[in-house]
Amino acid sequence: MSFLELRNVSKAYGTGQAEVHALENIDLAVDRGALVAVMGPSGSGKSTLLTIAGSLEEPTSGEVTIGGAALSAMSRNGKARLRRRTIGYVFQDFNLLPGLTAAENVSLPLELDGMRSRRAYAAGMAALEKLGLADRATHFPDELSGGERQRVSIARAVVGDRHLLLADEPSGALDSVNGEAVMRMILMACHRGMAAVVVTHDAQLASWADRVVFLRDGHVVDQTMPAQTPESLLQSGPGQ
Amino acid sequence: MSIRHALLALLSEGPKYGLQLRQEFETRTGEVWPLNVGQVYTTLQRLERDGLVESEDVPDDERQKTFRITAGGEAELADWLRTPPDLSLPPRDELVIKVLVALRLPGVNVHEVIQAHRRYLVELMQQWTRLKEDESGVDLSFALAVDAELFRLDSVVRWLDSADGRLKRASAEPPVENPSPMPRLRRRVGMHR
């Protein structure tokens, strides 16, 4: 069984003639260590898929399991605990708390989960160090560049013992160099055993994933096949 | 890129042998453009004929020649570096044609055609991205060459995305009489040709 599974998931908003089907019969499985990108235009249902996978929203029908546990069978508190301990979220607009330093932002989820503040801070520092941000630990978000803020939010998403990373357009507002740095970090988290889903409309971002799933009007319409040996590209060279 | 001007660029650093030029050419292009030695020597002969390089025999090795750039070659190189390549041709690439043809054929789902090409392009991009994944093992020239290819493929994906969106909007509107878009396109885009 994969770490994250969506089985026959549908989501509709409104009722009667005003009913809108944001997602229809979605099947998606993501193993630990795998990075899956979900690509699609605005309004294709990408963000809805991510919020349902992250237990922030409930599907109209279908089932989501995380680590083998069905979300439908979990209490509200159980889901909140799952979000604090197991899932890390990365958003386009970073969602860092302005009154806390980088290290405090990163350690906050652990403290909210009951960890003693000194231990949580040490874990936060360790996460920042892994992402090359130790020298920014005492800076407040408004003292950081856009790229640094997003790297801090990735540290917050991977801190502690999390297994699932969900990212919504994680490099949306960043230039291509910072966007690449963000994807490298997400990939590193996968190499350490996390399962990750990145939703994006950006093909360059999606190309970092092991598998790209294409969403259109709430349906999965296609996905990429396992890659061939990349070295075969060099036999002809770019642009020839 | 022109092999001719790449060789002039290498010779502007100082005199070099033919084999050395081939090795340096491959290194500078991030080894993504293999070159055979015949291409190097043919190009050098033409450059010499045009007065842009000159050669002299190596005293101890009659099979080897040293090539050096002339003042004319330096001027040619400086001019080439600053001349933008011609990007003004009308879009006649095969992918655009396929989508335009799909649009006219009854019973063909254009969105499926577009998606087939999109998937292929993204798979290619995944392969290129794998090549630069290990940052420590990638040199700067190689990373730049891979980035260039990724941006080129990305621009095609963006065009497909835009076409997909435009067709979706158009399907909600009544059809417009338009016998063939290509002649009009040529008139508008290739004005000075």
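**A salt bridge and its surroundings**

Author: Gladly! A:Asp222 and B:Arg119 form a salt bridge, their closest N and O atoms being 3.0 Å apart; the term stands for a side-chain nitrogen of Lys or Arg within 4 Å of a carboxyl oxygen of Asp or Glu. This is a predicted model, in which local features need pLDDT of at least 70 and side-chain atom pairs count only at pLDDT 80 or more, while totals for chains, interfaces and linings use all residues. Residues are numbered from 1 along each chain as its sequence is written, chains are lettered from A and ligands numbered from 1 in the order in which they are written, and side-chain values use heavy atoms, leaving out hydrogens and water.

The pair crosses between chains, from strand β10 of chain A, which holds A:Asp222, to helix α6 of chain B, which holds B:Arg119. Helices (H or I, at least four residues) and strands (E, at least two) are DSSP runs, numbered from the N terminus. A:Asp222 is buried, with a relative accessible area of 14%, whereas B:Arg119 is partly exposed at 26%. Here buried means under 20% relative accessible area, exposed over 50%, and partly exposed in between (1.4 Å probe, protein chains only).

Now to the strand side. β10 belongs to an open sheet of 6 strands in chain A, ordered β6-β7-β8-β3-β9-β10, with mixed pairing; two strands pair if DSSP finds at least two bridges between them. β6 (87–90) and β10 (219–223) of chain A stand at the edges with a single partner strand each, so one side of each has no neighbour in the sheet. From one strand to the next, the twist averages 20°.

On the helix side, α6 (residues 110–131) of chain B lies across β3 (35–39), β9 (211–216) and β10 of chain A, running at about 155° to β9(A). Contact means heavy atoms within 4.5 Å. Axes are lines fitted to C-alpha atoms, for helices over the stretch in contact, and angles run from 0 to 180 degrees between N-to-C directions.

B:Arg118 and B:Asp164 are both buried.
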